[in-house]
Amino acid sequence: MVAAFSNVENPTFSATPFFYDRNADRASYSGNSGQEVEGQSWRGGQIVGGSGVGLHSMPRVSYYFPKGVGEYHFGERHPMKPHRLTLTNHLVIGYGLDKKMDMFQPRSATKEEVEAFHDEDYVNFLTRVTPENVRNFTNVLSRFNVGDDCPIFSDMWDYCRQYTGASLMAAHKIVAGKTDIAINWTGGLHHAKKAEASGFCYVNDIVLAILELLRIHARVLYIDIDIHHGDGVQEAFYNSNRVLTVSFHKYSSDFFPGTGHIDEVGHSLGKYFSLNVPLQDGIDNESYVALFKSIMEPTIYTFQPSSIVLQCGADSLGCDRLGCFNLSIAAHGECVRFIKSFNLPLIVLGGGGYTIKNVSRCWTYETAVLLDLHQSLPNSLPHTAYDDFFAPDWKLHPDLAAGRNRVENLNTRKGLERIRVGILERLRYMHGAPSVAMSEIPPGLAPWMKEEEDEEEASGGTGAGEGTSHDAHRSNGEWFDNNRDRELDGTVSLPPGVAPIVAPSQTAPTVLQWGAGITLGAGGREKRAAAISAAESLVTTSISENQRERPLPGSAGAGKPAGGVGVGGKKRRKTAATGARSVSGKGPKGAVKAGESAGGEGGETGSAGPASGEGASAVPGP
């Protein structure tokens, strides 16, 4: 066995810790390697990368694609082609990947949401300028950096609102805990600045999405594998220690944007929270993936982010119209798989990419990676309305660095090792993950939450108001909590042998009903849980009151945990007391409050139940 492993050739130029995933060799040796594409033995196979811990359940993946976003046009000779988004979407659907994740058609971002980062004057300019009236704005075009790279085209503001709205919805779903991985290939425009356009980017959807995450998440890690430096995102958070930006890019004085030197490390409170990995032309799969893993693993363990935003610009692939690397689609996807393996909330965005047939192949493959389906994905492309774009091979994994397409590799082993050591040295200066003082949730999320609740109620709890498809892959028993969790029509049947509740002012028994105005299924899982919890508390406390001389097993009078609920401690006692008062005394609004109490953090606030040995004191209000 030792001899066998000693014969495995290391695919990198260093054996120092963190430098490459040694589990990949073991996976290949044991026959558990991934699908071999282009003879790449460096791939990690099924072994989980950074965390080394497998998932206990499949992650919830959501996909965001605004209708018509691929129909905009920058100009005949402009390299940015939104049509690549349409090609990507057709391949995703052609492979059947849409059936494995939640599909959303997000709403467009509002002007106010865009102004959360961008300057008001700049946003006003974007909303008003058109190709027909651009002559009226000649005095501000240079101020807002509008020109050849960032032209004025038809419906430009609508395009910006669409891809930005998709990224904002992805961030909202992550914050709300309704998805684990959110995919928006239409976003990732990382060059836009606060008050100017740059590098084909007008609105920086990445910064806006990170700002939403920061409302709940203490620390956010931003990773950029576009060939161009993510200067707009770095500049936005250059003074912050809550966002760590890491960019892998080509760097030279004559290559756009001309920033991203390794010595750009942040400023003030954000010093050492900007990491830049400057590369030269022609880097190959083995060197890039090894360097990426050797840097990202210690970075994640040091910074300890609450969530990750990954920009997957496809111009770092070989054969790109504006790129100069030798990366294959599989190598690019391996970086995505490695970040996914840390099992942190993840937003995956698009970005650059100017050979559109390869861009769509890459993002389709990485969608499969995020769904853990890349091992079984056929190399032959499915038939779509755009088959002619992929001639003559019609393959998912073409050889992008063969023959004259290959660019000379100017990255030396010594140079890459120096970069790696320099980055790890800067991580030492970070002194671990920064602490963050948390307070109340900022009000910016309130409109999202209210809007979603209203739409859910209007659509009967299906989420159709957000443009989501039916969740066919979700387990039928996902929302099943216990034997009392029944899909009933508004009436709760009491346990065998338990008498109905009789209120003090009533002379005849009545069957317990849901709180007025609460309909099962219309309010979502939270309201159902709130009503069930309140109903159980009413049943239990009534039993304790009516049978105080003959306590039930597990009640407070029998020497068990107090509150008449048997088990659950402080949190369950608080829920019983609060829920009983809310349903009987406050109507539907009170029932929702009870549900919120039940979902609190351990019941540290609110009214606690009686101590052990006392009768249950949580009685319904009048």
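Me: Let's start with Ile 356: is it buried or exposed?
Reply: Ile 356 is buried, as its relative accessible area is 16%. Buried means under 20% relative accessible area, exposed means over 50%, and partly exposed is in between, with a 1.4 Å probe and protein chains only.

Me: Before we go on, where do these values come from?
Reply: This is a predicted model, where local features need pLDDT of at least 70 and side-chain atom pairs count only at pLDDT 80 or more, while totals for chains, interfaces and linings use all residues. Residues are numbered from 1 along each chain as its sequence is written, and side-chain values use heavy atoms, with hydrogens and water left out.

Me: OK, and which helix is Ile 356 in?
Reply: Ile 356 lies in helix 11. Helices (H or I, at least four residues) and strands (E, at least two) are DSSP runs, numbered from the N terminus.

Me: What does Ile 356 touch, leaving aside neighbours within four places in sequence?
Reply: With those left out, Ile 356 is in contact with Lys 81, His 83, Arg 84, Leu 87 and Phe 389. Contact means heavy atoms within 4.5 Å. As for Arg 84, its C-alpha is 5.1 Å from that of Ile 356, although 272 residues separate the two in sequence.

Me: How far does helix 3 reach?
Reply: Helix 3 (residues 83–94) has twelve residues and spans 17 Å from first C-alpha to last, close to the 16 Å expected at 1.5 Å a residue. That expected span is 1.5 Å times one less than the number of residues. After helix 3 comes Gly 96, with a positive phi near 80°.

Me: Back to helix 11. What about Glu 366, buried or exposed?
Reply: Glu 366 also lies in helix 11, and it counts as buried, at 0% relative accessibility. Its side chain makes a polar contact of 2.4 Å with the side chain of His 332. A polar contact is a pair of N or O atoms within 3.5 Å; within protein, one must be able to donate a hydrogen and the other to accept it, and residues adjacent in sequence count only if both atoms are side-chain atoms.

Me: Who else is in contact with Glu 366?
Reply: Setting aside neighbours within four places in sequence, the contacts of Glu 366 include Trp 185, Cys 312, Gly 333 and Val 336.

Me: Switching topic: what order do the strands take in the sheet?
Reply: It's an open sheet of eight strands in the order 2-1-3-8-7-4-5-6, with parallel pairing. Strand 2 (102–104) and strand 6 (274–279) are at the edges with a single partner strand each, so one side of each has no neighbour in the sheet. From one strand to the next, the twist averages 15°. Two strands pair if DSSP finds at least two bridges between them.

Me: How many bridges join strand 5 to strand 6?
Reply: Six bridges join strand 5 (residues 243–250) to strand 6, and the two run parallel. One of the pairs puts Thr 245 with Ser 274 of strand 6.

Me: And strand 7, how many of its residues are buried?
Reply: Five of the five residues of strand 7 (residues 307–311) are buried, so strand 7 is largely enclosed by the rest of the structure. Ser 307, Val 309 and Gln 311 are on one side, with Ile 308 and Leu 310 on the other.

Me: Which strands does helix 11 lie across?
Reply: Helix 11 lies across strand 1, strand 3 and strand 8, at about 170° to strand 3. Axes are lines fitted to C-alpha atoms, for helices over the stretch in contact, and angles run from 0 to 180 degrees between N-to-C directions.
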